[in-house]
Amino acid sequence: MNTVYNFSAGPAVLPAAVLHTAQQEMLDYNGTGIPVMSMSHRSAEFQSILYHAEQDLRLLLNVPDNYKILFLQGGASAQFSQVAMNFSHGFKRIDSVVTGNWSQTAHRQMEKSTAAEIHLAAHGGTQYDYCDLPPVSEWDISKDSAFVHFVANETVHGLQYRQMPKLSDGLPPLICDMSSEILSRPIDVADFGVIYAGAQKNLGPAGVTIVIIREDLLERCPDSVPAVWNYKAHVEKQGMYNTPATYPIYIAGLVLRWLQTQGGVGQMAFINRRKADMLYRAIDGSGGFYRNAIHPDARSQMNVIFSTGDAGLDERFAQEAALCGLRQLKGYKTLGGMRASIYNAMPIEGVSALVEFMADFQRKNG
Ligand SMILES: *Cc1c(COP(=O)(O)O)cnc(C)c1O
């Protein structure tokens, strides 16, 4: 039996050390005699788990004091609507940057969630055929917009802003979906009004979504927004408005602690760059057998997409790779091809094994 490496885009690989700890603590958390998942969310033990998860996240991302952190449910998909419901009251326009599958979905869902117009500030599909990203200088932004929304890493299309966008002073707050890249590299939180991320890509299991909100924006949340969708209501109740996803928060907390033992996001960024470079070199060095048409500056370091150009061969690649312990390499349903998601918890050995398999597969089929 080969070692198994899991390249799933999400829910995705978790650090083995985290799963071992969870296994050990499964039936008896810290001598309490009860499992975390059966513990009151108001108990001292769970309050401590939540507190430490938040503090560790603050430390890892250097989150300034004027930002609140929430652990919500509903996934990043819920955030598409929630940001529009909470932050556009009294505004006529939201600026939306579409660069792939997820920002397109966000755009459509924002349209259903507010009376404000969702203005297409840039479109990477029509402008660049999803092979490059519109730079901030090309975004059509109004200073009167409620906010500007974009996705830092497009999980499906394999595109990533390698240089994180930043707006100049006087422009609206920047709201970013970082679901598939949060904690993969250092960021300057102060450049954003809101950052949100579903946990199941790079942070934990499905069921919890991290939202980091600049405090002053909470003043915008209208009372007419029902409490469960209202950021201000969640902040006022210290994240305990209703039962949070206790077990996913606990696992995310273990991942956050693991990240610190690994040297934090700076060290992660270094390793992530190495892993991505190994894969793109293998693709570019295959003499055209493997293809990725994305501009090198916009290639994702988290989700590496590639294809042989032959759907049948791609299918065989994913099947044979799985037999060799390289699992879940099949591309997104609408795009086909292959996708190797190489989040923080994917060890460099997994990428080496994939690169070796790629060369072997090419020798047999090229
Ligand atoms: C996976 C993903 C989503 C959707 O997340 P859900 O938790 O399924 O709602 C949104 N945005 C990005 C960038 C993603 O990768």
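UniProt positions are given here in the numbering used for this model, feature names are shortened, and annotations may be inferred rather than shown by experiment. The model is predicted, so local features need pLDDT of at least 70 and side-chain atom pairs count only at pLDDT 80 or more, while totals for chains, interfaces and linings use all residues. Residues are numbered from 1 along each chain as its sequence is written, and side-chain values use heavy atoms, with hydrogens and water left out.

**First stop: the annotated binding site**

Select Ala-76, Ser-77, Trp-102, Thr-155, Asp-177, Gln-200, Asn-242 and Thr-243, which the unreviewed UniProt entry annotates as "binding site". These residues are spread over 168 residues of sequence and also in space, up to 30.1 Å between C-alpha atoms.

Proceed to Trp-102, in helix α4 (residues 101-111); helices (H or I, at least four residues) and strands (E, at least two) are DSSP runs, numbered from the N terminus. Trp-102 is partly exposed, at a relative accessible area of 23%. In this scheme, buried means under 20% relative accessible area, exposed over 50%, and partly exposed in between (1.4 Å probe, protein chains only). Residues up to four places away in sequence aside, Trp-102 touches Ser-77, Phe-80, Val-151, Glu-154, Thr-155 and Val-156, where contact means heavy atoms within 4.5 Å.

Asp-177 comes next, in strand β8 (residues 174-177). Its relative accessible area of 4% makes Asp-177 buried. Beyond its neighbours within four places in sequence, Asp-177 has contacts that include Ala-76, Phe-80, His-149 and Tyr-196.

**Second stop: Lys-201**

Select Lys-201, where the unreviewed UniProt entry places "modified residue: N6-(pyridoxal phosphate)lysine". Lys-201 belongs to the loop between β9 (194-198) and β10 (209-214). With 12% relative accessibility, Lys-201 counts as buried. Show its partners: Ala-9, Gly-10, Ala-12, Ser-179, Ser-180 and Tyr-343 are touched by Lys-201, not counting residues up to four places away in sequence.

Select strand β4 (residues 117-123), in which 5 of the 7 residues are buried, so the strand is largely enclosed by the rest of the structure.

**Last stop: Met-26**

Finish at Met-26, in the loop between α1 (16-25) and α2 (44-61). Met-26 is partly exposed, with a relative accessible area of 35%.
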